[in-house]
Amino acid sequence: MAAVDLRAVSKTYDGRQLAVREVSLSVPDGELAVFVGPSGCGKSTLLRMVAGLESISQGEIAIGGVRVNDLPARERDIAMVFQDYALYPHKSVRENMAFGLRLRRTPEAEIRRRVGEAAELLQIGPLLDRKPAALSGGQRQRVAIGRAIVRQPKVFLFDEPLSNLDAQLRTDMRAEIKRLHQRLGATIIYVTHDQVEAMTLASRIAVLNAGQLQQYDTPARLYRQPHNLFVAGFMGSPPMNRLTANLTPQSIEWGGGASCQRPTGWAAPWPEQIPLVLGVRPEHVMVGPAANDALAGQAPVVLVEPLGAETLLTLQVGQQTLVCRASSELSVAMGDTLTFSVHPRHVHAFNPDTGASW
Amino acid sequence: MVQNSHRPAAPPVGVFWWFVAPFALLTLVFGVWPIVLAVQTSFTASATALQPQAKWVGWANYAVLWSDPIFMNSMLRTLTYTSLAVFSTIVTALLYALLLQSVWIARGRLFFKVAVFLPVVTPDIAGYVVWRWLYDQSFGAINTALEALGLPLFGGIASTSTVLGAVLVAELWHHVGFYVVIFWANLALCDKGQSEAAQIDGANPWQHFWHVLLPQLRPALLVNSVYALIQYLKTFTVVAVMTKGGPNESTNFVSYYAYQLFDQGRYGEATAMATVLFTLILLLAGLAMRLQGGRRSQ
């Protein structure tokens, strides 16, 4: 096991196109870090640079304190699980898992023991003599994970490992990977575009956009204190409400004539009388009579989406919309006008020009 | 996909036959019919072979071949040369295709592609005439160069010990580009993911080739070895142009020997010889296909 350090890592193609720019972060020994972001954000490129499958244009990557920039993939002592599994089709499951050990001249008895253990852990014992073509997608992914485990590498790299599985299997495998991490105590870097996967698995999440690191934090802090509008919008489903607003001494103006009552005695920690973007999580928008210390207003309901346990309500605030996560017991119809309120401590403010949080 | 729903209706089967007919006819007239005639001729007496009522002699021509030491030697020589040639062709073509893929020649890739394929589209006779000149003992470029460097001279096509090698080099030069194209196309289809997984598993370049690339190259290996087998068993042009079967019979392969006998009016024996060769090719090619096909279904 080992820590992974990225110091100002950049990737350029053809000397100009920047795929990753100056990313610095540390994955402590034994932690599961998730790189998350929309497609094309550079998360996979970053992972492949750690793996040694892409060269590092600038900066430095260290595994276990040793600079690996110039080490080929085979000498970095890492294992990787690929999105499309990348199993060797002409080898049996057993040989797929044993291949890396054989190349390292591990004694036969040791190979048998490790493959057996991994197969038991992943419940693929009965499949050991099959070829990959005779396996389902979920089974193949287990074999790919098994192939990584038997190596007992310093670091595990997962490149969107669940993207090719159907929704139910994805949820099951996600839980299994989490258990596996807890059991092995291994350092894992996990790439995904799915923020739910990121939130559920990670000890730390790196949010990337357009090749730049937006924020690297624990899931809780990332959710509660997003550093910018991108992170606020990317993490959480439905995403954080983002509304342009103007603070005046008496009220909060939403534009289009809509406004909110401002709690008496509340001093906003942000500048007054200039346009701001205010962010509010849907679960923090309360429906019904407002407390005195809350921001409160009235708005018509334009969309009702029942989800079973809860209902998503979309309110029209001036020309903007506000999504609210309400109890499913609340009976609301489209066109109803509701009173909503938000406690000031749940309001985030962002600079509309830079997107950075105040 | 939208395109699928607008796919034009399949044309009537009749149209298919109209397109196929001219080529099917050509194949029948110039391909299949001569083979049938040759097989038929191999069972007739040479003296009457070209007459309407040829004299039927049963297996007599084949019996003559069986007891003809020149034929038996020629057959042995053909088989030896073919094994050597198939092996060198496959290995050379595979190495060259890997070279074309490698990063070492990033800039010169086009040059290397043209260099290997140009001989394939060069008329073979012209190419072999040039090779004959290159090997010439008195004014050939090869020996002139060796002499200038103070190295021992090369026997080329004049010496029985070097002629097979010399002929093989000329044939490789002419043919190998074709096999390179097949390997190269197959290499382009190989799964990059497996290669990356192997790198991470710790495979060095040789282990990567052996465990990951080679299994994926099976289709090209099959096509190339069957095609090369057929081609080298029929070796004729290079002999006719460069050595006329010599020196001292050492390049007198079955096709060339059959041609010589035919030239002497020994039609029965010549066609018997051709029939033996044809059957051999058919059997070996069938065997190769079967071996590979069997492995694939495992």
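Visitor: What should I know before I start?

Guide: Residues count from 1 along each chain as its sequence is written, and chains are lettered from A, ligands numbered from 1, in the order in which they are written. The model is predicted: local features need pLDDT of at least 70 and side-chain atom pairs pLDDT 80 or more, while totals for chains, interfaces and linings use all residues.

Visitor: What is the strand order in the open sheet of chain A?

Guide: Strands of a sheet pair through backbone hydrogen bonds, either parallel or antiparallel. Here, four strands run β2-β1-β4-β5 in chain A, paired antiparallel. Strands are DSSP runs of E, at least two residues, and helices are runs of H or I, at least four, numbered from the N terminus; pairing takes at least two DSSP bridges. β2 (17–27) and β5 (66–67) of chain A are the edges, each with a single partner strand, so one side of each has no neighbour in the sheet.

Visitor: How many bridges join β1 to β4 in chain A?

Guide: Five, between residues 4–13 and 58–63. One bridge pairs A:D5 with A:A62 of β4(A).

Visitor: Where are the domains of chain A?

Guide: Bounds come from an automatic or database domain assignment: domain 1 is 4–234 and domain 2 is 241–350. Their C-alpha centres lie 40 Å apart.

Visitor: How many residues of chain A are in contact with chain B?

Guide: Contact means C-beta atoms, placed from the backbone, within 7 Å. By that rule, 16 residues of chain A meet 13 of chain B. β6 (78–81) and α2 (93–103) of chain A each give two or more residues to chain A's side.

Technical notes. Contact = placed C-beta atoms within 7 Å.
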